[in-house]
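Here is a briefing on the salt bridges of one protein model. Please keep the structure open while reading.

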Amino acid sequence: MNHSSIIRASALEYVRGVTSGEFTAEEFLSETLSRIEEAEARYNAYLHVEDGQKLLARAREIDRGIKSGQKVGLLAGMPVSIKDNICMRGSRTTCGSRMLEGFVAPYDATAVSRLNAEGGIIVAKANMDEFAMGLTTEFSAYGPSRNPWNTGYVPGGSSGGSAVAAAAFECVASLGSDTGGSVRNPASFCSVVGYKPTYGLVSRHGLVSYANSIEQIGPIARTVSDAALVLGVIAGRDEHDDTTADATPATDYLEGIEGGVEGMRVGIVDEMTEGADPEVARAAERAAGNLEAAGASCERVSLDMVGYSVPSYYTITAAEAASNLARYDNLRYGYDLPLDGYEFNSYVAEARGRFGPEVTRRMILGGYVSSAGHAGRYYLKALKVRAKLTREVADAFASSYDILMAPTVPILPFRIGEKTDDPVSLFMVDLNTVTANLTRRPAVSVPYAVSAGGLPIGIQMMADSMQDRTLLRAARALEMRRPPLPEVPD
């Protein structure tokens, strides 16, 4: 593998190559940093790139460890990136917002600690919609990321920068956060794998909160096996996060991943395929055929409550966001704004003027739906919808299916600016992804096809709680059976 091509290695290829001496961690990292310098003007995937000399020194240390037979961790110097709402000690963490543009995290998120412990080298903080509120990365205060398949199109969001970086070879893998599809949506739009774990499988300690009851950190990578490798590194019980499940840290999610889908029962969700773009719908049909050819049984299934999932999701998350973002009063976090001439309320109002339009919209909505006069009409009803949807999904898994499948996003990627003035239309892009978050199930987006216009199409698969191994096995089977995909244009 020559130097011009080594950065195209998958995570598993990287580990094999660096541990066998085919190339060094320093060589690979140097090529990655060169790629970032060359590509960022086009893609704007990153908000902050770490100091190159310090990164290369860490890579040389790992190379020395490999040569001397020391343990260097599962990732062995692999260049990775993290979304800019995940704290890393000594690094800026802006959440894509002007409100936090000078904030430097004083500690590492648990996911970051685990990446570092296994020899990961975090090269950059990835662009995102402000405070993870958006579906396109257009609501970043630092400009939108651009889809590497066509830079005039959105890459999806809110973890758009993470997906672009993985697709454009600016890292081997990346971490995003998924609140309503924010890992899977951009993975679909950029033709990479995006994995949302079972709620509680990965610690949220150090993730800047948007909606605590729903969000999860998840990996974005170029193959299903790569996502499984990274998931095994970051998953597990954490004493800093009481919502984490009792799972063993550094579990090997690669174990059994090649087991196939023979005998699996797959439900194709009607409400997630009806009305989809014709090319997207045809891709979903072909994907079902691929799984049947591999030994699975596929049939249509109706989940009535899916039709109510988007309003339920936005009501619940807006209420939680309004509570979480109340801390940004410019006294504890914020930027320089003179106190002279302000009483408290007007000062806070002036400070919060730095929030972008999407954050402002959701904070206002969240305060409204959870207020004393409206909570019963909106917030409590949203919670009831969530409970009914959870029961419906649980019944489907308990009685009939191992996997529920649909297109990840019912439409193709669209042009930058096309939907920013139509928030309701933009919200509906989440129709197929929010169910996994509301019901706390694991879900994955697998790259499946490229449209006639050269835009990626992803297929989503969802499994029951803590059935992440089954989900990864099914996703790997689909990945192996799909038609060959073209490489991202450069």
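The count comes to 17 salt bridges, each a side-chain nitrogen of Lys or Arg within 4 Å of a carboxyl oxygen of Asp or Glu. The model is predicted, so local features need pLDDT of at least 70 and side-chain atom pairs count only at pLDDT 80 or more, while totals for chains, interfaces and linings use all residues. Residues are numbered from 1 along each chain as its sequence is written, and side-chain values use heavy atoms, with hydrogens and water left out.

- Glu 26 and Arg 60 form a salt bridge at 3.0 Å, N to O.
- Glu 26 lies in helix α2 (residues 25-43) and Arg 60 in helix α3 (residues 52-67), 34 residues apart. Helices (H or I, at least four residues) and strands (E, at least two) are DSSP runs, numbered from the N terminus.
- Arg 265 and Asp 402 form a salt bridge at 3.4 Å, N to O.
- Arg 265 sits in strand β7 (residues 265-269), and Asp 402 in the loop between α13 (379-399) and β9 (403-407), 137 residues apart.

- Arg 98 pairs with Glu 101 in a salt bridge, with the closest N and O atoms 3.3 Å apart.

**Accessibility**

- Buried means under 20% relative accessible area, exposed over 50%, partly exposed in between (1.4 Å probe, protein chains only).
- Glu 26 is partly exposed at 29%, and Arg 60 is partly exposed at 30%.
- Arg 265 is partly exposed at 32%, and Asp 402 is partly exposed at 24%.
- Glu 101 is partly exposed at 30%, and Arg 98 is partly exposed at 34%.
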